[in-house]
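This report describes selected backbone and sheet features of one structure. The sequence and coordinates come first, and the commentary follows.

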Amino acid sequence: MATTGRWVLFLIILIGTVIAFASVSTAADKIKIFAGQDRSVIVGEVTTFDDARLVWPDPPDPFLNYTYSWDFDAAIDLDGDGIYINDKESTGLHPSFVFGRPGTYGVTLWAFDGVGGSANDTMMVTAIIDVRPVASILKISPNPAVQGDEVLFKGTGTDADGSVVEYLWRSDLNGSLPGNDSFMINTLKVGVHTITLEVRDDAGFLSASVSARLEVKLDHLPVLVILMDRTTADTATDVKFEVMYTDLDGDPPMVGTLFCGRNMVFDQIHPHEVNETDNDYRDGKVYSSSLKLKEVGNYSFYFEFHDFKGHSVRTELRYINVVKHKESTPSLGSVAVLATMLLAFGVRGRLPAGPPRGRRR
Ligand SMILES: [Ca+2]
Ligand SMILES: [Ca+2]
Ligand SMILES: [Ca+2]
Ligand SMILES: [Ca+2]
């Protein structure tokens, strides 16, 4: 009996301990607050504590009414209650405040859940006398641009009481753009970009953001059209291979190649411009090569062109059947002329007569 009694007592103590720990941890987890990142602010400027948040519960308990209170100076006990971090200088989760004098301030945020739970968190704010830098966008060119174009960005930053140490360019479509006061980029997405620039000064303060609009249009792929329709040739013929390259944006080809050969083994030939003074690729430009196909058989060929933006285009495969060149024989015309001449000179009678029919055997 005594043993059983001790066991029961032990169990009661154990359960009590577990419950006690559970309730302690529940109390500790009841509410948790984050005042914000430590920061530097400018004396006399409005500062908003916009990164303060309730850490726990997450999400906030919908049945509770949370309230917040801020103390902006841990060195002063404003309400004289002997506690230096509980002066109710503002309410709400994201208040604004102006620090009137330079210095380092302990800023404390208090949170209350309305049912007896509370928590606080303190951040450090350094208030500095400084003039903010000023950013401006000078140039974005070309604008509108075509996808793949190198676009030049030019900006400037000034700081009345220091220097500009960083340029922060951003596109709402591409995200942050790498670059200093000026840079080139050719990987901008198609669409209408809002470009923003902020600059940072040597004291770490950002300028106001300035913005500009940039339109990047879709790049048209080049188009290749074979201009010839020859399907046969002989081994002595010069075969003229012709193709027209067109790019609606006016992009020139970087390299153009005619692939021509038999049994899918191709020679590569770079055709020349038919008109060297034509630099408008929007309405097409003709390229040509003349080749002798010296072997008898079936040739196949196609053209492939690359533009400066990394696009390549290729025509369909075409065929030319090459036959052996025949040595020239007198034409009917020249035979007729010869016959007329012979007649004119009366040679007919003197032509060797054929063997008499009677003696044919
Ligand atoms: Ca106080
Ligand atoms: Ca205080
Ligand atoms: Ca400054
Ligand atoms: Ca193009």
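M264 counts as exposed, with 8 C-beta neighbours inside 10 Å. The model is predicted: local features need pLDDT of at least 70, side-chain atom pairs count only at pLDDT 80 or more, and totals for chains, interfaces and linings use all residues. Residues are numbered from 1 along each chain as its sequence is written, while chains are lettered from A and ligands numbered from 1 in the order in which they are written.

M264 is found in the loop between strand 21 and strand 22. Strands (E, at least two residues) and helices (H or I, at least four) are DSSP runs, numbered from the N terminus. N263 lies in the loop between strand 21 (253-262) and strand 22 (265-269), and N263 is exposed, with 9 other C-beta atoms within 10 Å. Neither phi value below belongs to a glycine.

| Residue | Phi |
|---|---|
| N263 | about 55° |
| M264 | near 60° |

**Sheets**

Strands of a sheet pair through backbone hydrogen bonds, in parallel or antiparallel fashion. Two strands are taken as paired if DSSP finds at least two bridges between them.

An open sheet of 5 strands has the order 2-9-8-5-6, with mixed pairing. Its edges are strand 2 (39-42) and strand 6 (90-91); each has a single partner strand, so one side of each lacks a neighbour in the sheet. Strand 2 runs parallel to strand 9 (residues 118-128), and 4 bridges join them. I42 has I128 in strand 9 as its bridge partner.

Another open sheet contains 4 strands in the order 18-20-24-23, and its pairing is antiparallel. Strand 18 (223-226) and strand 23 (272-273) form the edges, each with a single partner strand, so one side of each is without a neighbour in the sheet. Strand 20 (residues 238-246) and strand 24 (residues 285-292) run antiparallel and are joined by 8 bridges. Opposite E242 stands S288 in strand 24.

Definitions and conventions: Buried ≥ 20, exposed ≤ 12 C-beta atoms within 10 Å, placed from the backbone.
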